[in-house]
Amino acid sequence: MQDVDFNLKIDDARNVIKKDNNLYSLIFLDAFTPSKCPCLWSYDFFQLLYEHLEQDGLILTYSTSAAIRSAMIEAGFFIGNIYNERENKFTGTIAVKNKSLIKHELSEYDLGLINSKAGIFYRDKNLTALNSKIIADRELEVENSDKISSSRFIKDFRRNK
């Protein structure tokens with residue numbers, strides 16, 4: 001069994017990781033929902049996590065949001081589904097640098113959502129923005145996007161199946 005080193009830090013996670021020089025083999029991202037706390041789900045935060053993940057490291061999260069998966073991909077990760085055998089369903093997302101660690105690829109449906117307006121991710125360029133600003137900026141980007149809406153994508157996908 002591998003030893004686990006645990007050091008509790010009470011601060012904004014963006015500040016903690018910016019000051020950190022460690023590489024991690026596992027990051028479990030269990031932040032509040034992206035619609036409430038987008039600062040920990042932004043493309044820019046995922047770029048920072050990418051820099052702090054070992055080559056064979058994993059990020060695991062409950063989120064299956066198209067926006068979150070899109071941000072992870074844009075930050076350089078390969079992503080896949082987490083399969084829960086007990087519940088016999090997919091229950092989250094895995095993000096890795098080493099694609100061979102992906103056991104359950106995303107479906108055509110998942111990839112389609114990522115390429116729709118639902119896949120427009122949160123941005124926090126300086127990793128200092130307030131959640132309300134991050135949300136407002138994304139809403140404006142979605143509104144001005146010429147990508148297909150998620151509802152249109154879902155309707156078309158179901159019709160073509």
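Let's start at Phe157. At 16% relative accessibility, Phe157 counts as buried. Buried here means under 20% relative accessible area, exposed means over 50%, and partly exposed lies in between, using a 1.4 Å probe and protein chains only.

Some ground rules. This is a predicted model, where local features need pLDDT of at least 70, side-chain atom pairs count only at pLDDT 80 or more, and totals for chains, interfaces and linings use all residues. Residues are numbered from 1 along each chain as its sequence is written, and side-chain values use heavy atoms, with hydrogens and water left out.

Now the rings. The count comes to 7 aromatic pairs. The rule covers rings of Phe, Tyr and Trp (its six-membered ring) with centres within 6.5 Å; planes under 30 degrees apart are stacked, over 60 edge-to-face, and the rest tilted.

Take Tyr50 and Phe77. Their centres are 5.0 Å apart, with 70° between the planes, and the pair is edge-to-face. Tyr50 sits in helix H2 (residues 43–51), while Phe77 is in the loop between helix H3 (66–74) and strand E3 (78–84). That is 27 residues apart, and the pair links distant parts of the chain. Helices and strands here are DSSP runs numbered from the N terminus: H or I of at least four residues for helices, E of at least two for strands. Tyr50 is partly exposed, at 26%. Phe77 is buried, at 3%.

Back to Phe157, with its partner Tyr109. Their ring centres are 5.1 Å apart and their planes are at 65°, so this pair is edge-to-face. Tyr109 lies in helix H4 and Phe157 in helix H6 (residues 150–159), so the pair ties together parts that are 48 residues apart in sequence. Tyr109 is partly exposed, at 26% relative accessibility. Ring pairs also bring in Phe153, making a cluster of Tyr109, Phe153 and Phe157.

Next, the cysteines. How many disulfides does the structure hold? The structure holds 0. A disulfide is a covalent bond between the sulfur atoms of two cysteines. The cut-off used here is a pair of cysteine sulfur atoms within 2.5 Å. For the sulfur of Cys37, the closest cysteine sulfur is in Cys39, at 3.8 Å, so that is too far for a bond. Cys37 is buried, with a relative accessible area of 11%. Cys39 is buried as well, at 7%.

Cys39 leads us to two other residues. Asp124 is in the loop between helix H4 (108–114) and helix H5 (131–144). Asp124 is buried, at 2%. Leaving aside neighbours within four places in sequence, Asp124 is in contact with Arg14, Cys39, Ser42, Asp44, Ala129 and Ile134. Contact means heavy atoms within 4.5 Å.

Arg14 lies in helix H1. Arg14 is buried, at 6% relative accessibility. Not counting residues up to four places away, Arg14 touches Cys39 and Asp124, among others including Leu40, Phe45 and Leu127. Now a distance.

Last stop, the surface. Which residues form a nonpolar patch there? Val4, Phe6, Leu8 and Ile10 do, with about 570 Å² of accessible area together. Areas come from the Shrake-Rupley method with a 1.4 Å probe, and for residues only the protein chains shown count as cover. Patch residues have over 30% relative accessible area and no salt bridge; like charges are joined within 9 Å, nonpolar side chains (Val, Leu, Ile, Met, Phe, Trp, Tyr) within 5 Å. A salt bridge is a side-chain nitrogen of Lys or Arg within 4 Å of a carboxyl oxygen of Asp or Glu. Ile10 is in the segment before helix H1 (13–19). Ile10 is exposed, at 79%.
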